[in-house]
Amino acid sequence: MLSGNKELTAKDLLSRIKDSRYSSIITLLKALNRIGELDKVKVQLVNGASRNFNGRRAFYDASEKTVYVNTNAQYEDGNASSVLLHEILHSITVDRIQQNPELRKEIQEIMNEYQTVYYDSKYDTKLDSIDGHHAMEEFIADVWSNPETINNLKNVKTKENKNKSLWDRFKQFLHNLFSGIF
Ligand SMILES: [Zn+2]
């Protein structure tokens, strides 16, 4: 999956993700292909020893619009897809969230409701050094790339409407985030 030296884009990387665990979000993955800027996000496959990964298997550098993938990293079975998808999602959501206060408020509310049931320190804005932006970005990327988090979201009914789950609300959030794409 991670071999080859040619210049890759996030779009190329996305086309290599074929993981059956993502059957529940396959429509979302297909929709991602319609996001034009995926072509502009570069992907660098690098030897982990040559760049500081700080123990991470991959990361997104927003200033360089580049996803760095550590080719030395170890992946448990099927885990590479989840890690790569997570970084691709950062590459197309970070700017959008920072530029839109309403969407920030919306994802913050979804995240807070999630936290009351499935607390995770990663999504605790009080522990976050940069105004909760980082926690929100992690939450968005994790939800979309992790089937277990999606199941958790499906299990929580929203406070405002007992017929809706947090997953329904998250999908609506994505719809607004990528208006015209989904
Ligand atoms: Zn992340």
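Predicted model: local features only at pLDDT ≥ 70, side-chain atom pairs only at ≥ 80, totals over all residues.
How many residues lie between E3 and E4 in their hairpin, and which residue in the turn has a positive phi? Four residues separate the two strands, and lysine 65 in the turn has a positive phi of about 45 degrees.

**Whole chain**

Colour by burial: of the 182 residues, 26% count as buried.

Select the four strands together. They form an open sheet in the order E1-E2-E4-E3, with mixed pairing. E1 (8-9) and E3 stand at the edges, and each has a single partner strand, so one side of each is left without a neighbour in the sheet. Strands of a sheet pair through backbone hydrogen bonds, either parallel or antiparallel.

E1 and E2 pair in the antiparallel sense over two bridges. Select leucine 8 and its bridge partner in E2, valine 43. Then select threonine 9, which stands opposite lysine 42 in E2.

Move on to E2 (42-46) and E4 (residues 66-70). These two strands run parallel and are joined by five bridges. One place to look is glutamine 44, whose bridge partner in E4 is tyrosine 68.

Finish the sheet at E3 (residues 58-61). E3 and E4 run antiparallel, with four bridges joining them. Aspartate 61 stands opposite threonine 66 in E4. Show the side chains of E3: Ala58 and Tyr60 make up its covered face, while Phe59 and Asp61 make up the uncovered one.

Most residues other than glycine have a negative phi.

- Lysine 65 is in the loop between E3 and E4, with phi near 45 degrees. It is partly exposed, having 15 other C-beta atoms within 10 Å.
- Asparagine 54 is in the loop between E2 and E3, with phi near 50 degrees. It is exposed, having 6 other C-beta atoms within 10 Å.

**The nonpolar core**

Which residues have the most contacts inside the largest nonpolar core? They are Val67, Ile88, Phe139 and Ile140, in a core of 35 residues. Helix H5 (residues 133-145) gives the largest share of this core, seven residues. Colour domain 1 (6-77) and domain 2 (100-178) separately: both give residues to the core, so it lies between them. In soluble globular proteins, nonpolar side chains tend to be buried together.

Centre the view on valine 67. Leaving out residues up to four places away in sequence, valine 67 touches Ala10, Val41, Val43, Ala58, Tyr60, Glu87, Ile88 and Ser91. Several of these have already come up on the tour: Val43 is the bridge partner of leucine 8, Ala58 and Tyr60 belong to the covered face of E3, and Ile88 is listed with Val67 among the core residues with the most contacts.

Select aspartate 128, which is in the loop between helix H4 (101-117) and H5. Is aspartate 128 partly exposed or buried? A residue is buried if 20 or more other C-beta atoms lie within 10 Å of its own. Aspartate 128 has 17 C-beta neighbours inside 10 Å, so it counts as partly exposed. Apart from its neighbours within four places in sequence, aspartate 128 is in contact with His134 and Ala135.

**Helix H7**

The last stop is helix H7 (residues 166-177). H7 has twelve residues and reaches 16 Å from its first C-alpha to its last, close to the 16 Å expected at 1.5 Å a residue. Highlight its buried residues, Leu166, Trp167, Arg169 and Phe170. Then turn the view to look down the axis of H7: the buried residues fall within an arc of 160 degrees, so they line one face of the helix.

Technical notes:
Residues numbered from 1 in each chain as written. Buried ≥ 20, exposed ≤ 12 C-beta atoms within 10 Å, placed from the backbone. Pairing = 2+ DSSP bridges. Core = buried A, V, L, I, M, F, W, Y, C linked by C-beta atoms within 7 Å. Domains from an automatic or database assignment. Contact = placed C-beta atoms within 7 Å. Expected span 1.5 Å × (residues − 1). Arc of directions from axis to C-beta.
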